[in-house]
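Hi there,

Here is the structure I promised to send over.

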Amino acid sequence: MPDIQTLRDSAVFPTVATRKAITLLGGLSALSLAAYAQAAPAFDSDSPWMLGDWNGTRTELAEKGYDFKLDYTGEMGSNLHGGYDHDRTARYSDQFGLGTHLDLQKILGWHDAEFQLTITERSGNNISNDRVNDPRVGGFTSAQEVWGRGQTTRLTQMWYQQKFFDQKLDIKAGRFGEGEDFNSFPCDFQNLAFCGSQVGNWAGGIWYNWPVSQWALRIKYHLTPELYTQIGAYEQNPSNLDRDNGFKLSGSGTQGTVLPVELVWTPKLNGLPGEYRAGYYYSSAKATDVYKDSNGQPAALSGQAYRSASSKHGVWLGVQQQLTSRASDNSRGLSVFANGTMHDKKTNAIDNYVQAGVVYKGLFDARSKDDIGFAMARVHVNPAFRKNAEAINQAHAVFDYNDPSYLPPQDTEYSAELYYGVHVTNWLTVRPNLQYIRHPGGVNEVDDALIGGIKIQSSF
């Protein structure tokens, strides 16, 4: 998932987006027909994997502690109306994830010990970069969340986890991202504002979401079965973001440490699950002021360097709660969610963000595994960051929005998404969606955008 700087700095050129999608779906169809001719159970709709159970080998290996996964996520986005560039087109981006999870208690006899290794590969283009958002400043949300952090192959997970004291104490160490454990949130929506850890979307210069990994340590302790607290320490190393450093293991380039702490409550209200999160993060690395120099004057006008801060920090809140069930089936029913973040006003482009939404699973009896979701979000730009853009324009004596050298001041961006998830099989879900972006990139001069999307999630 991309951060603000990635969206701002990346250049994307028009492509024939549907070509890749058609090739992929055509190939899967051909594989399916060939497989059914020889071994239909491999493509059984009730199987969690497209390629089946390998004649029982997969289940046998899992029982011995070896679990393998090959997942695919593909997302298409098309600018149906509005946006920065009204020339309509479509873009496709995707991700393959290959992973293995080892139960070391079964394999080596190490009690309550696990190991995870995951490699991801991303490719494709994003409709938001030059069609929806003004490329001079980029945007905040992304219509295709799977795009970003460099279209390349990465080591995304390599960690060892050990539990103690009847699993009350849980320690994980290795390479992984903050959003894997802290400020976590599902990723069924296609718009970035409703997918994954939101701190990483609005403070992405220090908090690296999937698929980027860094050296990290996370300690979790269960105060009760429903309440736990956790603290982490993550290497803050911008060089891990580089496309050529997908498998970098050295600590060269490290600038500091990100220290998140979180309290998580997972109650069951009337027998229905919920999750409530509250957290704080602190970065020990030096951060740059978004507006002023060391004398407290606008740096763009004084010509002096932007002043430095000794740290950076922020907070988050997250709520997920299922409210209803259908016919005593807790896998169906209405759930609500809301998330909010606040960030350092001196050093962060975004000072606050809020979103909320609903998801209903199994709305129709004939489609009991389908889901429908709707959400809205507000991303608010730090006033000091906006003043800095105005000061840059003043320093360059550029005041016309249509001037290529003009830097559009950014304010508030609003996003909304409606999707319907078609549970085709247990290994394939397709979610067509509509997204509406008001003031893309927080630029008032950019027309509101309507985006059509399709999200494909499959497990091989």
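Asp170, Lys172, Glu180, Asp181 and Arg218 are linked in a network of salt bridges; a salt bridge here is a side-chain nitrogen of Lys or Arg within 4 Å of a carboxyl oxygen of Asp or Glu. Please keep in mind that this is a predicted model, in which local features need pLDDT of at least 70 and side-chain atom pairs count only at pLDDT 80 or more, while totals for chains, interfaces and linings use all residues. Residues are numbered from 1 along each chain as its sequence is written, and side-chain values use heavy atoms, with hydrogens and water left out.

Helices (H or I, at least four residues) and strands (E, at least two) are DSSP runs, numbered from the N terminus. Asp170 is buried at 5% relative accessibility, and Arg218 is buried at 1%. For these labels, buried means under 20% relative accessible area, exposed means over 50%, and partly exposed is in between (1.4 Å probe, protein chains only).

The whole structure holds 22 salt bridges. One of them joins the side chains of Lys455 and Glu75, at 3.5 Å from N to O. Lys455 sits in strand β19 and Glu75 in strand β1 (residues 66-83), so this pair ties together parts that are 380 residues apart in sequence. Are these two partners buried or exposed? Lys455 is buried, with a relative accessible area of 1%, and Glu75 is buried too, at 0%.

Another salt bridge is formed by Asp411 and Arg386, whose side chains meet at 3.4 Å, N to O. Asp411 lies in the loop between α8 (383-395) and β17, and Arg386 in helix α8, so the pair ties together parts that are 25 residues apart in sequence. Asp411 is partly exposed, at 25% relative accessibility.

Now for the overall picture. The protein chain has eight helices and 19 strands. Its C-alpha trace spans about 70 × 50 × 45 Å along the principal axes. The radius of gyration of the protein chain is 23 Å, which agrees with the value near 23 Å that a compact globule of 460 residues would have. That radius is taken over C-alpha atoms, and the globule rule is 2.2 Å times the number of residues to the power 0.38. Buried residues make up 51% of the 460 residues.

Some of the strands can be followed as a paired set. Strand β15 (residues 350-361) and strand β16 (residues 371-381) pair in the antiparallel sense over eleven bridges, where pairing requires that DSSP finds at least two bridges between two strands. Here Gly357 has Ala375 in β16 as its bridge partner. β16 also pairs with strand β17 (residues 412-425), in the antiparallel sense and over ten bridges; there, Asp371 is partnered by Gly421 in β17. The side chain of Thr425 reaches the backbone nitrogen of Trp427 at 3.0 Å. This is a polar contact, meaning a pair of N or O atoms within 3.5 Å; within protein, one must be able to donate a hydrogen and the other to accept it, and residues adjacent in sequence count only if both atoms are side-chain atoms.

Most residues other than glycine have a negative phi, and most peptide bonds are trans. A cis peptide bond, however, joins Trp210 and Pro211, with omega about 10°; Pro211 lies in the loop between α6 (199-202) and β6. Gln167 has a positive phi of about 70° although it is not a glycine. Gln167 is in the loop between β4 (153-164) and β5 (169-176) and is partly exposed, at 41% relative accessibility. His439 also has a positive phi, near 55°. His439 is found in the loop between β18 (428-438) and β19 (447-459) and is buried, with a relative accessible area of 16%.

Best wishes
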